[in-house]
Every structure is written in C-alpha cells, then in structure tokens.
Amino acid sequence: MPNPQPHGHRSLPRSRRFTYGVGHVLNDLCASMWFSYLLVYFHKVVNFSNVLAGQLLMVGQVSDALCTPFVGYESDRTRSGCGYGRRKIWHLVGSVCVACSFPFIFNLCISCSKSPDWAQFIYYVPFVVIFQFGWASTQISHLALIPDLASSPSLRVELNAIRYAFTVLANVAVYAIAWLLLGLEDRSNHHDLSPEDADEFRNLAFIVIGIGLFFSFIFHMGTTEPLRPHRAESVTEEQPNVQEDEENEPIIKKKLKRRKMTWKCWLKEVQFYQVALLYMCTRLMVNMSQVYMPLYLTDTLNLDKAYIATIPLVTYLSGFLSSFAMKAVNKAVGRKMTFFLGVMCVLFACDWMWVPNIGLQVYGAAVLLGVGGSTVLVTSLSMTADLIGENLDSGAFVYGAMSFTDKLSNGLAVTLVQTLHPCSDTNVCCDACQSYYQQVMVFVPGGVGLLALLVLATLICKPIGIKTEFISERQMDNSAEHVPVEYGAIRSTPHMNDTDNSEVSLTTCDA
C-alpha cells in the first residue's frame with residue numbers, strides 16, 4: 001500500500017492534474033442534458049404539463065440534496081476503500097449508477113408511452129432517483145479529492161479551473177451533438193420541438209454516456225489518491241525545534257496537537273453557512289439560466305429549435321475561454337473581487353435580456369452569462385476549498401452540505417417557476433407565455449446575483465477558513481498561551497517563550 005503523502009504542500013504532476021480534471025466529465029455531460037433539456041423534453045416531446053415536468057425535476061433535485069450529505073459523511077468515514085482510495089471507490093459506484101439509469105430518463109416510457117401522464121411519471125421516478133444518487137456520489141468524491149491532492153491554495157484554484165474547463169468542454173460537446181442531431185436534419189417543415197424528436201434525445205443520451213464512461217476510465221487509471229491513515233480525534237503536527245522571531249529572540253516550537261473538525265463542529269461555524277449561501281447563489285445563477293434558456297429562445301424569441309443548441313454552446317465556449325484566466329485573476333485581485341466581477345457580468349447579461357425582441361443579440365448576453373457563470377463557479381469552489389483548509393477528514397461532508405443547498409434551492413426554484421406559469425396545468429401555451437420566460441431569465445439570475453453580493457459583503461473583513469487555535473501550558477504558572485492560528489491553508493508563525501514539553505489541543509468546536 002502506498003505511503004500517505006506528508007502533511008504540507010504537495011506537488012502534483014501535470015498528467016495527474018489532467019486525469020483528475022476529466023473525472024467529472026460523465027457527470028457534466030449528464031448534468032448538461034438534465035438542466036438544459038429535461039423540462040423542454042418532457043413538456044414538448046413527452047407532452048407532460050409544465051407542473052408535471054417541473055415536479056419530475058424537483059424529485060431529482062430533492063433526491064440529490066438528500067444524497068449529498070449522506071455520501072459526504074460516508075465518504076469521510078470510509079477508511080481506504082479496500083486499498084483503492086476512499087474517494088475513488090465512491091466515484092466508481094456513482095459512475096455505474098449514472099451510466100445504468102440516465103439513458104432511461106431521455107427515452108420514451110418502455111411499453112407505456114401511451115399511458116396516462118401520472119403512470120409515466122411513476123415509471124420515470126426510480127430512474128431519476130438512482131441517477132441522482134450516482135451523480136451525488138461522483139460529484140462529492142471528486143470535489144473532496146481537491147484538498148487531498150493539493151494543499152497549496154493556488155494549486156487548488158488551478159484544479160478547480162481545470163475541472164471547470166472540462167465541465168465547459170462537456171457542455172460544449174452536448175450542445176454540438178444536439179445541434180447535429182436537431183439542426184442538420186432534413187426536415188424543412190419541422191422547426192419546432194415535438195414528439196417526433198424523441199429519437200434524437202435518446203441518441204444524444206447514449207452518446208453522452210459512452211463519452212463519459214471513456215473519461216471516467218481515464219480518471220480511475222491515471223489518478224492516484226493519497227491514502228490516509230484513519231486519524232484519531234487529535235492530529236499531531238511536528239514543528240521545528242528552534243526559530244528566531246523578528247527581534248532575533250529564540251523561539252522554541254513544540255509538538256502540538258489539534259482536534260479534527262467533525263460534522264458537528266462545522267455546524268457551529270458561521271462562515272460555513274456564509275460560504276454555503278454563496279455557493280447556493282452561484283449554482284442558482286448558473287443552473288436557472290441554463291434550465292430556462294431553451295424555453296426563452298423557443299417561446300419568447302421564437303427562434304428555430306437549432307438555437308437551443310447553438311446559444312448554450314456560445315455560453316459555454318465563453319466560459320471555457322475565461323476559465324484559463326481564473327488563476328491569474330484570483331492571484332491579482334483576490335477571491336472576493338473575482339467573484340464580484342463574475343456577478344457583475346451575470347447582472348449585465350440579465351439587463352441585456354430585458355430588452356424586448358433582442359433577436360440574435362442574445363448571443364451577446366450568452367457570452368456575458370458564460371464569462372460570469374464560469375467566474376463565480378470556479379471562485380466559489382475555491383472558497384469552499386479554502387474553508388476546508390487542512391481539515392481533510394471532513395472535506396466530503398462540507399462539499400455534501402454545499403451541494404445540499406444547491407440541489408434543494410434549484411429544485412424549489414424550478415417548481416415555483418413552473419407552478420406560476422400562465423399555462424401550468426396544460427401542455428400547450430398561450431400568448432402570456434411569451435413574456436414569462438423573459439421575466440424568469442432576467443429576475444431569477446439577477447435577483448440571486450444581488451443576494452450573492454450581499455452575502456459576499458459579510459465576508460469582506462475576514463479571511464476564508466476555519467480558525468484553529470493551539471494552546472500550551474506554561475510549566476511555571478500553568479497559564480495557557482495561544483500559539484499558532486490557521487485560516488484554511490494559511491498558517492501564521494507560532495511564538496512560544498516557554499520550554500516545557502507539555503501539550504494540549506483546542507479547536508473552535510467544543511468537541
């Protein structure tokens with residue numbers, strides 16, 4: 001069994017950065033279809049009502065929300081995954097579940113396509129639940145690998161940027177294939193989506209699964225997870241014996257202990273909720289614009305069905321190109337200012353879409369959405385990694401909790417939008433539907449963006465990361481002196497004037 005990597009900054013070869021980056025491609029491909037085409041597929045192809053289509057997406061989001069904390073908790077508890085890696089074993093389980101269930105979602109009900117809508121709804125629910133469990137298992141295990149593979153904040157940003165770059169490429173692939181299937185077919189009198197397009201969505205689902213499994217294989221063959229021993233309640237850190245302070249006075253550093261952060265400890269941290277709310281706002285901005293862009297294009301702008309592939313394609317190409325600048329921008333202006341700039345891009349895009357009948361100017365708004373969405377997503381994930389810092393034993397729980405807020409909020413938002421639809425109970429639309437999706441595309445991402453700025457303002461004065469304090473007892477008077485302080489992966493230099501060997505540990509969690 002490989003030896004655990006030493007505590008401290010860990011280098012990562014470029015080949016392993018690549019193999020790590022492709023580990024989420026299967027999820028990204030499926031998520032692109034799920035968010036971009038689920039509503040439009042079930043409403044216009046399967047002929048579900050707006051409410052029923054929204055409820056099916058809600059079932060998926062709630063299932064994902066419930067699975068993510070469970071997967072995160074169990075992933076943290078898993079010791080070594082039978083020598084394969086505790087994160088990688090959960091990733092493998094998730095990939096199998098996704099591959100086996102997703103094709104059934106974008107396929108007409110087998111032997112029941114003529115049945116009542118409620119019967120077909122029941123048929124699809126188990127496949128949606130299995131898919132979301134697998135998706136959550138893959139996502140959480142893949143995210144939790146970032147702190148395990150990289151202790152350097154800059155390397156974590158780079159891994160998040162690489163991961164997001166492949167997310168964008170996966171989305172680009174989905175939209176490009178969808179454009180080939182929907183836009184280049186020889187149907188001169190078939191410009192709108194209808195049940196006749198069922199075969200195209202089925203073929204798209206099978207192609208997506210095939211490509212995703214290929215990249216999952218690369219991830220599992222090329223990524224080596226640092227195997228970590230099962231930690232006790234406290235973690236001992238060795239410090240150098242002697243160092244000099246700024247006044248050249250000798251400082252004696254000692255062996256120190258700290259308690260690891262458990263899930264109960266995280267729930268007591270205010271910053272945990274601040275970062276979770278920021279991540280939730282990020283996902284709402286990105287996902288809601290992705291969900292309703294096809295309906296905005298077809299129902300509000302009355303564009304040809306091929307545009308439901310080309311416009312999102314432009315969005316994700318813009319995001320892909322901007323992701324290359326994430327590391328440099330974060331280093332130049334910091335996490336929080338980078339996030340602010342991303343939100344402003346999203347707000348400008350919403351303002352542009354408020355203009356009536358913008359026609360092909362929607363390409364400009366799509367570019368701003370891509371750049372803004374890429375920026376806020378990469379930065380919020382980097383903030384989450386900073387929050388975890390050196391608390392790797394509970395990293396999967398943190399990512400699971402963040403994802404819980406993401407999935408539940410998206411499900412509730414979609415359900416609310418679909419319920420408020422002017423033609424919510426029918427599978428046909430009236431004139432009022434034309435302006436409805438324009439309002440959704442403007443006020444939902446725009447309003448959430450403003451909320452994100454308010455949450456960001458509460459984090460301005462504090463570095464992101466959980467503070468861990470160590471104390472040492474003086475041998476002479478038994479008084480305690482606080483020594484090192486950690487914020488995420490950034491550690492200050494401890495100063496001790498005593499020379500005794502006694503040690504005691506303390507964290508911000510009253511364990």
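Q: Which residues is Q274 in contact with, leaving aside its neighbours within four places in sequence?
A: In this predicted model, Q274 is in contact with V455, T458 and L459 once those neighbours are left aside. Q274 itself has its place in helix α9.

Q: What makes N302 and N357 stand out in their backbone angles, and where are they found?
A: N302 has a phi near 55°, a positive value in a residue other than glycine, and its place is in the loop between α9 and α10 (307-323). N357 has a positive phi of about 50° although it is not a glycine either, and it is found in the loop between α12 (335-353) and α13 (362-388).

Q: How do you know whether N302 and N357 are buried or exposed?
A: Exposed means over 50% relative accessible area; N302 has 54%, so it is exposed, and N357, at 66%, therefore counts as exposed too.

Q: Which residues touch the most other members of the largest nonpolar core?
A: Among the 140 residues of this core, those residues are Y37, F42, F102, I105, F106, Y292 and Y296. The largest share of the core, 17 residues, comes from helix α9 (residues 270-300), and at least three residues are drawn from each of domain 1 (13-226) and domain 2 (262-424 + 431-470).

Q: What does Y37 touch, not counting residues up to four places away in sequence?
A: Y37 touches S32, F106, V174, Y175, A178, F201, L204, I308 and A309.

Q: What makes Y37 and F201 an aromatic pair, and why is the pair called edge-to-face?
A: The ring centres of Y37 and F201 are 5.9 Å apart, and rings pair if their centres lie within 6.5 Å. Their planes are 75° apart, and because planes over 60 degrees apart count as edge-to-face, the pair takes that name. Y37 lies in helix α2 (residues 25-44) and F201 in helix α7 (residues 198-222), so the pair ties together parts that are 164 residues apart in sequence. Y37 and F201 are both buried.

Q: How do you know how the rings of Y41 and F42 are arranged?
A: With 5.1 Å centre to centre and 85° between the planes, Y41 and F42 form an edge-to-face aromatic pair, and both residues are buried. A search of the whole structure finds 23 aromatic pairs.

Q: What makes C109 and C112 a disulfide?
A: Their sulfur atoms are 1.4 Å apart, and a disulfide is a pair of cysteine sulfur atoms within 2.5 Å, so C109 and C112 meet the cut-off. The link is left-handed, with -40° about the S-S bond, and both C109 and C112 are buried.

Q: Why is C67 in no disulfide?
A: The nearest cysteine sulfur to that of C67 belongs to C97 and is 9.5 Å away, whereas the cut-off is 2.5 Å. C67 has a relative accessible area of 14% and is buried.

Q: How do you know that the length of helix α14 (residues 395-419) agrees with its number of residues?
A: At 1.5 Å a residue, the 25 residues of α14 should span 36 Å, and because its end C-alpha atoms are 36 Å apart, the two values agree.

Q: Why is α14 called largely enclosed by the rest of the structure?
A: Of its 25 residues, 18 are buried, so α14 is largely enclosed.

Conventions:
Residues are numbered from 1 along each chain as its sequence is written. This is a predicted model: local features need pLDDT of at least 70, side-chain atom pairs count only at pLDDT 80 or more; totals for chains, interfaces and linings use all residues. Side-chain values use heavy atoms; hydrogens and water are left out. A nonpolar core is a set of buried Ala, Val, Leu, Ile, Met, Phe, Trp, Tyr and Cys residues joined through side-chain atoms within 4.5 Å. Buried means under 20% relative accessible area, exposed over 50%, partly exposed in between (1.4 Å probe, protein chains only). Helices (H or I, at least four residues) and strands (E, at least two) are DSSP runs, numbered from the N terminus. Domain bounds come from an automatic or database domain assignment. Contact means heavy atoms within 4.5 Å. The expected span of a helix is 1.5 Å times one less than its number of residues. Rings of Phe, Tyr and Trp (its six-membered ring) pair if their centres lie within 6.5 Å; planes under 30 degrees apart count as stacked, over 60 as edge-to-face and the rest as tilted.
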